Amino acid sequence: MQLPNYREAKTRDKREYQTHSYHLLEKYKKKYEGKTYFLKTYGCQMNEHDSENIMGILEEMGFRFVDSMEDADLILLNTCSIRENAHNKAFGFLGRIKHLKETKKDLMVGLCGCMAQEEVVANTIKEKYPWLTFVIGTHNFYQLPEVLEEALKTKTLQIEVYSREQDLIEKMPSNRKSKYKAYVNIIYGCDKFCTYCIVPYTRGRQRSRKKEDILKEIESLVKEGYQEVTLLGQNVNAYGKDLYDNYSLAELLTDVSKTKIKRIRFMTSHPWDFTNEMIDVIAKYDNIMPSIHLPVQSGSNRILKLMGRRYTKEEYLTLFHKMKEKIKNCAISTDIIVGFPGETEEDFEETLDLVKTCKYDNAFTFLYSPRVGTPAAKLEDNVSKEEKEARLYRLNDLVNTYFLENNKKLVGKTIPVLVEGKSLKKKGEYFGYSDTQKLVNFTSDKDYEGEIVPVLITDAKTWSLDGKVSRS
Ligand code: 5AD
Ligand code: SF4
């Protein structure tokens, strides 16, 4: 049994990482033929992509996916730690599984992902949920076959969570959700340690994948017919810093652009690491989408400092305007936290002012949630729950007006849309995403699923656009 430990998890050193190729031992191949699994994923794109890998591994082991947990022999939860409500949802789900387990004694239940890396969670599971089969962490989920085998052999809960990051594992099988859009990890972990954030503890030190491995993966996705890749990392703009002297996200984007993949996206960016070269590269290549997720978190310099964000509102705005100026039709989205400890009405109004200046195309807004073990959790939280909720409401009202305003500017224009599927409700209606990551519902006489087609925008809503294919 290995339980997580935050003191170790936050250690940062200069150890060099080895890269290993994933390989499922012969004895596990198809071992579980005839057995079924159900996987529930919480959280960000990184977790969604980990789940694609986990599904790939389970299917090599012979498990078959079912979409109802009642029909499954194995239920797996890939969890998220970022805010309290993600926790509550996962524990609520475990409560439902417990009932099922009472009538189905052989049911196997596993928990993986970020919550597994939390000291409090691992201890709670050990004490209150001994009926689980196994818990594995973010750094070693590829060891699922061995951990499951040990749990079944010993008939005891196996908790195998490494506090420290491990070497990089390449060539993991992946059961990708989409045939057109793929996630590609470029960097793992985060070294920024924003004071509210649990990620540097649950995902470990910043480690970049080798550029050759990334490019090989994308080249084979192109061959398979993929139209779009999203380069993933907690902070993609730090790509290469731990590995190369002169190779950053700017160079990687240039090389990815040359693979001829039709669309390239990347997320998430930290303003601190966003260089002029990166902006120039995004502006230069047509297959790099003019869509940037640039979390600001707060518009108050005092709060930004308490958050440990390493930039001022003025520096953020300079970067923002540079992007808007250099990248044609660039859509910028953001993340904002409301109710950070000590946030005053004046601080909050500075956030509203910043939103009025930036007029974001999209914004993810959150109530601050204290995470045990982070520095901010020790600050005195003197903003009442009612006040925080009222601020979130006011903020959402404001951001929504700009979503609609920006969308309305597209009415009458023809924009490229990657067609993802057809409407289940209406015949002849399809949906997809524009270059600037807007959801477009449109009519078409022909099914263009998997292709990028020009769509004439006829109407704008707050969270989507309506249109029709303008191809003869
Ligand atoms: N409370 C609320 N929101 C948080 N985020 C990260 N940590 C917390 C927290 N403790 C938000 C940030 C980040 C996004 C992924 O989640 O806005 O950018
Ligand atoms: Fe968390 Fe900050 Fe790292 Fe983002 S950059 S994952 S908010 S510590």
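Helices (H or I, at least four residues) and strands (E, at least two) are DSSP runs, numbered from the N terminus. This is a predicted model: local features need pLDDT of at least 70, side-chain atom pairs count only at pLDDT 80 or more, and totals for chains, interfaces and linings use all residues. Residues are numbered from 1 along each chain as its sequence is written, chains are lettered from A and ligands numbered from 1 in the order in which they are written, and side-chain values use heavy atoms, with hydrogens and water left out.

**View 1. N185 in strand β9.** Strand β9 spans residues 181-185 and holds N185. N185 counts as buried because its relative accessibility is 4%. Buried means under 20% relative accessible area, exposed over 50%, and partly exposed in between (1.4 Å probe, protein chains only). Beyond its neighbours within four places in sequence, N185 is in contact (heavy atoms within 4.5 Å) with M46, H49, R209, I214 and L232.

**View 2. The surroundings of ligand 1.** Residues around ligand 1 (a heavy atom within 4 Å of it) include R83, Y196, D335 and S369. The side chain of R83 places an N or O atom 2.9 Å from an oxygen atom of ligand 1. Backbone N or O atoms also approach nitrogen atoms of the ligand: 3.1 Å for Y196 and 2.7 Å for S369. Alone, ligand 1 exposes 410 Å², and the protein buries 86% of that (Shrake-Rupley method, 1.4 Å probe). Strands β15 (331-338) and β16 (362-367) each supply at least two shell residues.

**View 3. The surroundings of ligand 2.** C190, C194, C197 and H270 are among the residues around ligand 2. Y196 belongs to this shell too.

**View 4. The largest nonpolar core.** This core has 58 residues, and L231, F266 and F274 touch the most other members. Helix α13 (residues 385-408) gives the largest share, 6 residues. A nonpolar core is a set of buried Ala, Val, Leu, Ile, Met, Phe, Trp, Tyr and Cys residues joined through side-chain atoms within 4.5 Å. Another core, of 28 residues, lies apart from it and includes L77 and V161.

Notes: Polar contact = N/O pair within 3.5 Å; in protein donor to acceptor, adjacent residues only side chain to side chain.
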